[in-house]
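Welcome! Here is a short tour for someone meeting this structure for the first time. Please keep the sequence and the 3D view open as you read.

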Amino acid sequence: MPVRHSFAPILCLVLACAAPLPAPAQDTPAQKTDPAWLTVDQVRTVLRARGYNEIGEVERQGDTYKVSDATRYGEKVPELRIDALTGAPRDAPMLTEGQARILLQERGYTDVEEAGREGEVIHLRARQSDTPVELRVNARTGTVIR
């Protein structure tokens, strides 16, 4: 008896493969946020850790957060722009000598006196537990170097 082949299963398979796939769902603007972006609360935390307080309105604009106003080590700072992924300020003003003095006082140093500035480095003299110390503060980052 001759073998009969049915083409129906093959035809169904060919047609199924040729059918268009459903289009991927379109993201709404709210869904287009990068999951690694910091939240507003995280931005405020990062700023406080960098010496900012009295932080005004924080608003995201693309990959940047805009901070309307803030105070850093006792001095008002103009509008800040913060990287939404890292929390690093973009084009943040360098610390002034007065801000460097307050930074050291907040870290427990006493009798803090300014001793000059060389570019981005502020030289200061202070006391730590009644011991005189000479310190340098990086005006861009706020890093204290003994």
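Contact here means heavy atoms within 4.5 Å. Helices (H or I, at least four residues) and strands (E, at least two) are DSSP runs, numbered from the N terminus. With those terms in hand, the buried residues of H3 can be said to pack against strand S4 (70-72), strand S5 (75-77), strand S8 (110-118), strand S9 (121-128), strand S10 (131-138) and strand S11 (144-145).

Two notes on the source come next. This is a predicted model, in which local features need pLDDT of at least 70 and side-chain atom pairs count only at pLDDT 80 or more, while totals for chains, interfaces and linings use all residues. Residues are numbered from 1 along each chain as its sequence is written, and side-chain values use heavy atoms, with hydrogens and water left out.

**The chain as a whole**

- The protein chain has three helices and eleven strands.
- Read from the N terminus, the order of its elements is α-α-β-β-β-β-β-β-β-α-β-β-β-β.
- Of its 146 residues, 27% count as buried; buried means under 20% relative accessible area, exposed over 50%, and partly exposed in between (1.4 Å probe, protein chains only).
- The accessible surface comes to about 10,000 Å², and carbon and sulfur atoms hold 54% of it; such areas come from the Shrake-Rupley method with a 1.4 Å probe, and for residues only the protein chains shown count as cover.
- Among contacts with a separation of 6 or more, 28% join residues 24 or more positions apart.

**Two nonpolar cores**

- A nonpolar core is a set of buried Ala, Val, Leu, Ile, Met, Phe, Trp, Tyr and Cys residues joined through side-chain atoms within 4.5 Å.
- The largest one has 15 residues, and those with the most contacts inside it are Val 43, Leu 47, Tyr 52, Ile 55, Val 67, Leu 80 and Ile 82.
- Helix H2, strand S3 (64-67) and strand S6 (80-83) each supply at least two residues of this core.
- Leu 80 is in contact with Leu 47, Tyr 52, Tyr 65, Lys 66, Val 67, Ala 70 and Pro 93, leaving aside neighbours within four places in sequence.
- Apart from this core lies another, of 14 residues, among them Ala 100, Leu 103, Leu 104 and Leu 135.

**Helix H3 and what follows**

- Which residues of helix H3 (residues 97-106) are buried? They are Gly 98, Gln 99, Ala 100, Leu 103 and Leu 104.
- An α-helix has 3.6 residues a turn, so residues three or four places apart point the same way.
- Arg 107 sits in the loop between H3 and S8 and is partly exposed, at 48% relative accessible area.
- Leaving out residues up to four places away in sequence, Arg 107 touches Tyr 73, Gly 142 and Val 144.
- Gly 108, which follows H3, has a positive phi, near 100°.

**An open sheet**

- Four strands make an open sheet in the order S2-S3-S6-S7, with antiparallel pairing; two strands pair if DSSP finds at least two bridges between them.
- S2 and strand S7 (89-90) stand at the edges with a single partner strand each, so one side of each has no neighbour in the sheet.
- S3 and S6 pair in the antiparallel sense over four bridges, and Tyr 65 has Ile 82 in S6 as its bridge partner.
- Asp 83 is also found in strand S6, and it counts as buried at 16% relative accessibility.
- The side chain of Asp 83 reaches the backbone nitrogen of Thr 86 at 2.9 Å.
- Not counting residues up to four places away in sequence, Asp 83 touches Leu 38, Asp 63, Ala 88 and Arg 90.

**Loop and backbone details**

- Gly 51 lies in the loop between helix H2 (40-49) and strand S1 (52-53). Is Gly 51 buried or exposed? Gly 51 is buried, with a relative accessible area of 13%.
- Gly 51 touches Thr 71, Arg 72 and Tyr 73, residues up to four places away in sequence not being counted.
- Glu 54, in the loop between S1 and strand S2 (58-61), has a positive phi near 45° although it is not a glycine.
- Asp 111, in strand S8, has a positive phi of about 50° and is not a glycine.
- Glu 54 counts as exposed at 56% relative accessibility, and Asp 111 is exposed with a relative accessible area of 52%.

Notes. Polar contact = N/O pair within 3.5 Å; in protein donor to acceptor, adjacent residues only side chain to side chain.
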